[in-house]
Amino acid sequence: MEVFLHSVAGVLVILVMIVLGYILTERNWFDENSGRLIARLVTQIALPCYMIITITHKFTASQLLKMIPDLRYPVISMMILMLLAFAFVQLFHIKNEHAGLFSSMFFNSNTVFVGLPINEALFGNASVPYVLVYYMANTTIFWTIGTYLIQRDGTVDAAFSWKKTLGKIFSPPLLGFILGVILVLLKIHLPNFIDSDLQYVGDLTIPLSMIFIGYSISHAGLSKLAFGKDNLLVLSGRFLFAPLLMTLLVIPASMPTLMKQVFILQSAMPVMTNAPVVASLYGADADYAAIMVTETTILSLVMVPVLMVLTQTIN
């Protein structure tokens, strides 16, 4: 019961900031340009600083080298989920114009805007490096396979560009992670004033991320929420099949218990907020993607306490 109450308290911390973002957007504090600005501040400024500080403060070189090979677990999980999504497309006769988008949303999760704040609220700063390991796998797969699948649904012809894809994968957050790893491996200590500046800017990550989620929910519109066949199947992928599969993968693995718990929670995070953006870019059904982002984000706040209790049995 204590674990459940702790997880509820952690979710409430996150929920208050999401509601704040939602209310401010409903009162016209934020328009589309504001939303894009907040997202850019998080992904290009605050989050890279946050990653550098977290890696350099929390991990030693030996710990990092031991942690990196565990990337294979989220990769294996997402590959299996992708095959399951393909099977569901055929079995449940998902519309052709939704097939790629459905599959991408089924196996990719929102590891930063929702996953990072939730894991830190529940497990503290010690969980952040494990969040980042999952993020590395998730962002790589989304911007390659996931984006390709969404593109297939679209009406806009767009040639695959390795340059653009690599630019998305090696984004500022991932580069911040890599820089932090290099600093630790080379045992380089940043000057105190730079370290402090990175700390201050990095601390913007969590509140701005949650305000952005509130903005996204308002922008999508709660009145548009629906629970048709396609929607329910995506929800089952995010909150049933993904955590169940990850649990089966990590239970026998020789990794820290905290990493197992983080991986399970990360696997059950909402649909990526980038999905509607990519769908709009290629002429796919961006409204469908936006609705799924909203539905999975709201439901994740209910599912997290349940998963938190279940993960406590893992060792």
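Predicted model: local features only at pLDDT ≥ 70, side-chain atom pairs only at ≥ 80, totals over all residues.

User: Why is Asn 28 called exposed?

Analyst: Its relative accessibility is 67%, and exposed means over 50%, so Asn 28 counts as exposed. His 93 passes that cut-off too: its relative accessible area is 64%, so it is exposed.

User: And what makes Pro 48 buried?

Analyst: Buried means under 20%. Pro 48 has a relative accessible area of 10%, so it is buried. Pro 48 is part of helix H2 and touches Pro 172, Pro 173 and Gly 176, among others. Pro 48 and Phe 177 are 129 residues apart in sequence, yet 6.9 Å apart in space, C-alpha to C-alpha.

User: How do you know that the length of H9 agrees with what a helix should span?

Analyst: Helix H9 has 14 residues, and at 1.5 Å a residue they should span 20 Å. The end C-alpha atoms of H9 are 20 Å apart, which agrees. Buried residues in H9 include Pro 173, Gly 176 and Phe 177.

User: Why are H2 and H10 called oblique to each other?

Analyst: They pack at an angle of about 125 degrees, with their axes 7 Å apart. Roughly perpendicular stops at 115 and roughly antiparallel needs over 145, so with about 125 degrees H2 and H10 are oblique. H2 passes H10 in a left-handed crossing.

User: Which residues meet where H2 packs against H10?

Analyst: On the H2 side they include Ile 45, Cys 49 and Ile 53, and on the H10 side they include Asp 195, Leu 198 and Val 201. By class, this contact has eight nonpolar, three polar and one charged residues.

User: Last one: how do you know whether Asn 231 is buried or exposed?

Analyst: Its relative accessible area is 9%, and the cut-off for buried is under 20%, so Asn 231 is buried. Asn 231 belongs to helix H12, and it touches Ala 226, Tyr 288, Ile 291, Met 292 and Glu 295, leaving out residues up to four places away in sequence.

Methods:
Residues numbered from 1 in each chain as written. Heavy atoms only, no water. Helix = DSSP H or I, 4+ residues; strand = E, 2+ residues; numbered from the N terminus. Expected span 1.5 Å × (residues − 1). Buried < 20%, exposed > 50% of the residue type's maximum accessible area, 1.4 Å probe, protein only. Axes fitted to C-alpha atoms, helices over the stretch in contact; angles between N-to-C directions. Parallel < 35°, antiparallel > 145°, perpendicular 65-115°, else oblique. Left-handed = near helix turned anticlockwise from the far one by under 90°. Contact = heavy atoms within 4.5 Å. Nonpolar A, V, L, I, M, F, W, Y, C, P; charged D, E, K, R; others polar.
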